[in-house]
Amino acid sequence: MKKTQKASITVFATLSFMLVLAVSFSLLEAARITEIQKVTRMNSDAVLEGVFAEYNTPLYQKYGLLGYWADNEKGNVSFDSTISKIQNYTYQNLKNQPYLYNKNALNLLRVSNCDIKVEKYMLMTDDNGRAFTQSIVEKEKRTIPQRLVNELKERLRNIDANKSGDKMDKDLDDAQEAIDNPKEYAKKHNISLEDNYKKEASKNNSTIDVPNDNNTVNKVSDEVSKFPVNQSEAVSNEKTNPLKVINNLRKKGILELVLEKPGEVSNNEIDLKKSLSKRRILSGNIKVTSESMLIDKVALTHYFSEYFSSYTKPRREGALQYEQEYILSGKKDDCSNLKSTINKILVMRTASNMAAIYKDPSKMSQIEALANSLGVVTANPVIMKCAKIGLITAWAYGESILDLRTLMSGGKISIIKSQNEWTLGLSNIGSLTDLKFKAKENKKGIKYEDFLSAFLALKNQKETTINAMDIIEHTIAQQKGYEKFRLDNVIIEAEVDYRYRINTVFLGFVNLNTSKISSVEINNKSRYSYLKNCKE
């Protein structure tokens, strides 16, 4: 029979032992909480990055932009589904996945609850499209070489942004009126024809009658008609007024003048009433930072040329096939946008070709000869000057039509033409009716897309940005499942507040006041931005 011995412990020893256990378990709990803080910090970043990895696929595939589409059935920004995703990912990471194989094993890093709140966010349309611009700048500035910046500067220097199409039309109309009806033209502009005729008569010691309207037209027509239209008409001795040829051409549609197959132009159109530019745009609460204006211009211009379609590179499945033309003109259909763009190029080319005529002595001598022949009838230097300007404008206009035919067929032309590069002569101006008659191509010149880029760079940046966002919305909304797509529901940066609740483990082993602490809260923030975090 075993003997038992009595044992005892003092109250002091008992209390001391309990204090040691309390300190030990408290240290264990503190170490556990410290580790959970690290884990939750990593979870917060990883989960938010995982959510942002679900970027809008069509937006990236078609336009190379990253954005998270967060909306509800009413078309407003909604974070309900986003918060639900974050919570599900968090619970998978920290709650239901024990580290030991035993299903009943204790998971010391378990989170009992996680509350999520999206405090701050930036939408792609914020600050009148500045956020959209910054998305492009961040994407492009890492890849744009310095040579593109220099090329853009050179293009802008060679474009006369102040040349007005109305001024060109006025020059042509004034010249035609001065030739056809100098008496009426003189009356409108307070020019005395009689005084000038008397001066001419006194110089020549002869008398000259002031012509009336009818005989003026007849005399001028005889003088001007000495310039044949083309070889066939020269042989048959038929004569044509160059200004009348140009004025008749101007009455036709521009597409019929410069395109070989104008009937194949896209007739796609969009409903501008549903465009982003026509509605109240939602906004976020993160401030958009700004870059250099020059960097913005270069980045936007390069981006538009790379990701948006044009007449020479149409997007067949797009809302509009000619997207760059829409960004430039902002009209509802492809045809109208193309007409507007071509007219802009026509005005610019006419100005450049006028400069080439002024620099070419042989061309100016032809203009002088024709203007002088008209001056015999009017004997007025003002009308002669007007006729000369009109003839120069008409000749440059005709050459510009040929330039556009070359450009629209994919060719290149010089900005300022040399004598050898000039195509149209006064003697064959009537050949402009032949659509196969085009300007000489210069392989080192600039193409249609270069003109588009230059005009887009010159246009107000706010307008180009809004128009670009418009066409992106319309194009993506055509895809199945994205009918309610809106760019002001696309998030490019967000800050999320996390509040984790963790039940204590080791503090419950000791029946001290610490056992009343049943849970601990850990708060942290996580921020993700496509502008800063995503590097290609």
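Leaving out neighbours within four places in sequence, threonine 465 is in contact with Asn128, Gly129, Phe132, Thr133 and Leu300. That's a handy way into this structure, which is a predicted model. Threonine 465 sits in helix H19, the stretch covering residues 461–476. Is threonine 465 buried or exposed? Its relative accessibility is 1%, so threonine 465 counts as buried.

Helix H4 (residues 126–140) packs against H19 at an angle of about 75°, with the two axes 9 Å apart. The pair is therefore roughly perpendicular, since angles from 65 to 115 degrees fall in that class. On the H4 side, the contact is made by Asn128, Gly129, Arg130, Phe132 and Thr133. From H19 come Gln461, Lys462, Thr465, Ile466, Ala468, Met469 and Ile472. Sorted by class, the H4 and H19 contact has 5 nonpolar, 5 polar and 2 charged residues.

Now let's step back to the whole chain. The protein chain has 19 helices and 4 strands. It is made of 536 residues, and 48% of them count as buried. Take the contacts between residues at least 6 apart in sequence: 78% of these join residues at least 24 apart.

Two other helix pairs are worth a look. The axes of helix H1 (residues 11–52) and helix H3 (residues 80–94) come within 10 Å and cross at roughly 135°. H1 and H3 are therefore oblique to each other. As for handedness, H1 passes H3 in a right-handed crossing. Which residues of H1 meet H3? They are Val39, Thr40, Asn43, Val47, Leu48 and Val51, and they meet Thr82, Lys85, Ile86, Tyr89, Thr90, Asn93 and Leu94 in H3. By class, the H1 and H3 contact has 7 nonpolar, 5 polar and 1 charged residues.

Then there's helix H15 (residues 334–359) with helix H18 (residues 448–458), whose axes come within 11 Å and cross at roughly 90°. That makes H15 roughly perpendicular to H18. H15 brings Leu338, Thr341, Lys344, Ile345, Met348 and Arg349 to this meeting, while H18 brings Tyr448, Phe451, Leu452 and Phe455. The residues of the H15 and H18 contact divide into 7 nonpolar, 1 polar and 2 charged.

The C-alpha atoms of threonine 90 and asparagine 113 are separated by 9.4 Å, and the two residues are 23 residues apart along the chain. Asparagine 113 has its place in strand S2 (residues 113–123). Not counting residues up to four places away in sequence, asparagine 113 touches Tyr91, Arg499, Tyr500 and Arg501.

Here is how asparagine 113 lines up with the other residues picked out for their accessibility:

| Residue | Relative accessible area | Class |
|---|---|---|
| Threonine 465 | 1% | buried |
| Asparagine 113 | 27% | partly exposed |
| Cysteine 114 | 0% | buried |
| Cysteine 335 | 24% | partly exposed |

The table includes two cysteines, which raises one last point. A disulfide is a covalent bond between the sulfur atoms of two cysteines. How many disulfides does a search of the whole structure find? The search comes back with 0. Cysteine 114, then, is a buried residue at 0%, and cysteine 335 is partly exposed at 24%.

Key. Residues numbered from 1 in each chain as written. Predicted model: local features only at pLDDT ≥ 70, side-chain atom pairs only at ≥ 80, totals over all residues. Heavy atoms only, no water. Axes fitted to C-alpha atoms, helices over the stretch in contact; angles between N-to-C directions. Parallel < 35°, antiparallel > 145°, perpendicular 65-115°, else oblique. Left-handed = near helix turned anticlockwise from the far one by under 90°. Contact = heavy atoms within 4.5 Å. Nonpolar A, V, L, I, M, F, W, Y, C, P; charged D, E, K, R; others polar. Buried < 20%, exposed > 50% of the residue type's maximum accessible area, 1.4 Å probe, protein only. Disulfide = S-S within 2.5 Å.
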